[in-house]
Amino acid sequence: PSEFIELAKATKNNPEVKNALSYLNKRNITSQDILKYNIGYCPTGKYGGMIIIPSYDHQGLLNFFTGRSYYDVNFKHLNPTVSKDIIGFDMLVNWDLPIVICEGVYDAIAIRMNAIPLFGKSPQSELQKKIIGKGVKKIYIALDSDAFTNALRFAQNLMNEGVNVHIIELKDSDPSEMGFDDFYKLMKNTKELTLTKLMEYKLMGV
C-alpha cells in the first residue's frame, strides 16, 4: 500500500507504531524478524491500523503482502485482490535445503527455517513447478487439519516426481501458536510419507 511504513525505520514514540509493535510482540515477532521480513504498518488508508508483511520474489520484487489489524476489531484480515499463485518469501528460500510449506506468514516466521507460506490452504502450481525445477529433495508440509486433503494431493504429486515428503500432523495448534522449539521437535519426529501411509490416509477419508 502507498501508506506502508517500515517499522524498522518508524518513529518509536508514535502511538500507532507502539500499538503495532505491541501486537507483534504478543505474536512473538522479534526486531530481527521485523528487519528480515521488512514488516511495516499503515497508519491510514485502506489498510490503516494494519500490520503489513510483504513477500518478495527471487529478484526482490514484491509479489504479495498480507494485512492484519493490530487492534481488536471485527475486520482483522485484508489481502490484495491478486493471484496467490506465487512463491511466498521466495527471496529468502534456499532451494538446496529442505523446505517447509505452511499456511500463513506468521506460521512461516515462527518456523524460521526455509518456510514458504501459501497465503491460504491450497498449494499452487507455481510452487510445485519450482520445487520440481529446483530439484528439491525433501519437503515438510505443515497445513491445518481442514487443509489435509489438499496436503495429501500436493504430497502425492511431489512423490511422483521423486521428492521425499513429510506431512506434519499439527492437530490443535498451528506453527505460530506452537513456537519454534515445539514445532521443530514435531518436525524432526515426522517420518517420510510412504505410498502405504498415503493410501491409509485416503482410506480413512481424510
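Below are legends for a set of close-up views of this predicted model.

The model is predicted, so local features are described only at pLDDT of at least 70 and side-chain atom pairs count only at pLDDT 80 or more, while totals for chains, interfaces and linings use all residues. Residues are numbered from 1 along each chain as its sequence is written, and side-chain values use heavy atoms, with hydrogens and water left out.

**View 1**
Glu16 sits in helix α1, residues 15–26. Helices (H or I, at least four residues) and strands (E, at least two) are DSSP runs, numbered from the N terminus. Leaving aside residues up to four places away in sequence, Glu16 touches Tyr41, Gly49, Tyr70 and Tyr71. A contact here means heavy atoms within 4.5 Å. Tyr70 is 54 residues from Glu16 along the chain, yet their C-alpha atoms are separated by 9.3 Å.

**View 2**
Two strands pair if DSSP finds at least two bridges between them. Strand β6 (residues 99–102) and strand β8 (residues 138–142) run parallel and are joined by four bridges. Look for Ile99, which stands opposite Ile139 in β8.

**View 1. Two loop residues with positive phi.**
Phe89 lies in the loop between β5 (77–78) and β6. Its phi is near 55°, a positive value in a residue other than glycine. Phe89 is buried, with a relative accessible area of 3%. Over in the loop between α3 (105–111) and β7 you'll find Asn114, whose phi is also positive, near 55°, and which isn't a glycine either. Asn114 is buried, at a relative accessible area of 13%.

**View 2. The largest pocket.**
This pocket has a volume of about 400 Å³. On a 1 Å grid over the protein atoms alone, a pocket is an open set of points where a 1.4 Å probe fits, with protein on both sides within 12 Å along at least five of seven lines; lining residues have an atom within 4 Å of a point. Grid points are joined across faces, edges and corners, and a volume is the space filled by probe spheres set on the points. Of its 19 lining residues, Arg27, His77, Gly104, Val105 and Tyr106 are the closest to the centre. The elements giving two or more residues to this lining are β4 (62–69), β5, α3 and α6 (175–178).

**View 3. The second largest pocket.**
Here the volume is about 250 Å³. Fifteen residues line the second largest pocket, and Asn28, Ile109, Ala110, Arg112 and Phe180 lie nearest its centre. Which element gives the most to this lining? That's α3, with three residues.

Notes. Buried < 20%, exposed > 50% of the residue type's maximum accessible area, 1.4 Å probe, protein only.
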